[in-house]
Amino acid sequence: MPLYDYKCPNCDHLFEARHSFNESAPPCPKCQQEDVQRVILKAPRVAQGMNASVSDTGSATKEQLRDKWAEETPKLRKQLVDKLGEDVVNRNAPTLNTNYD
Ligand SMILES: [Zn+2]
């Protein structure tokens with residue numbers, strides 16, 4: 001069951017309540033006010049994170065891609081060299097020796 005955050009408009013008490021999506025909000029545990037306000041304390045952080053990663057991908061520049069390539073390629077190459085040996089990698093994957101352009 002999801003955990004919701006509520007704020008009581010009567011006494012300003014913030015509280016969490018776990019209940020199913022269809023159920024209505026529980027009354028304020030402090031003053032029993034039934035008309036409590038749903039507040040979002042945790043969701044925005046998730047949403048921001050998603051927005052950030054979307055815009056990161058959307059606005060990736062050629063420089064960023066080049067950096068990424070420069071960072072990842074030696075790792076990949078090393079893995080292959082460890083597995084197959086230097087000669088095999090040089091013969092079969094010469095592009096791994098060159099930089100992204
Ligand atoms: Zn209250």
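For burial I use C-beta atoms placed from the backbone: a residue is buried with 20 or more others within 10 Å of its own, exposed with 12 or fewer, and partly exposed in between. Helices (H or I, at least four residues) and strands (E, at least two) are DSSP runs, numbered from the N terminus. This is a predicted model, where local features need pLDDT of at least 70 and side-chain atom pairs count only at pLDDT 80 or more, while totals for chains, interfaces and linings use all residues. Residues are numbered from 1 along each chain as its sequence is written.

Next I checked the length of H2, residues 62-84. The expected span is 1.5 Å times one less than the number of residues, so H2 should span 33 Å, and its end C-alpha atoms sit 31 Å apart, which agrees. Just after H2, I noted that Gly-85 has a positive phi of about 100°.

**Overall layout.** I find three helices and three strands, in the order β-β-β-α-α-α along the sequence. Of the 101 residues, 6% are buried.

**Strands.** Which strands does E1 (residues 3-7) pair with? Two strands pair if DSSP finds at least two bridges between them. E1 runs antiparallel to E2 (residues 14-18), with five bridges, and Leu-3 has Arg-18 as its bridge partner. E1 also pairs with E3 (residues 37-39), again antiparallel, over three bridges; there Tyr-6 is partnered by Arg-38. In the hairpin of E1 and E2, six residues lie between the strands, and Asp-12 takes a positive phi near 65°.

In a regular strand the side chains alternate between the two faces of the sheet. In E1 I see Tyr-4 and Tyr-6 on the covered face, with Leu-3, Asp-5 and Lys-7 on the uncovered one.

**Core.** I looked for a nonpolar core, meaning buried Ala, Val, Leu, Ile, Met, Phe, Trp, Tyr and Cys residues joined through C-beta atoms within 7 Å. The largest has five residues: Tyr-4, Tyr-6, Cys-8, Cys-28 and Val-36. Contacts are C-beta atoms, placed from the backbone, within 7 Å. Beyond four places in sequence, the contacts of Cys-28 include Cys-8, His-13, Phe-15 and Val-36.

**Confidence.** I read pLDDT as the predictor's confidence in each residue, from 0 to 100. The protein averages 80. E2 is highest at 93, and H1 (residues 43-58) lowest at a mean of 50. Over residues 51-55 pLDDT stays under 50, with zero contacts beyond four places in sequence. Where pLDDT is low, the predicted coordinates should not be read in detail.

Key. Contact = placed C-beta atoms within 7 Å.
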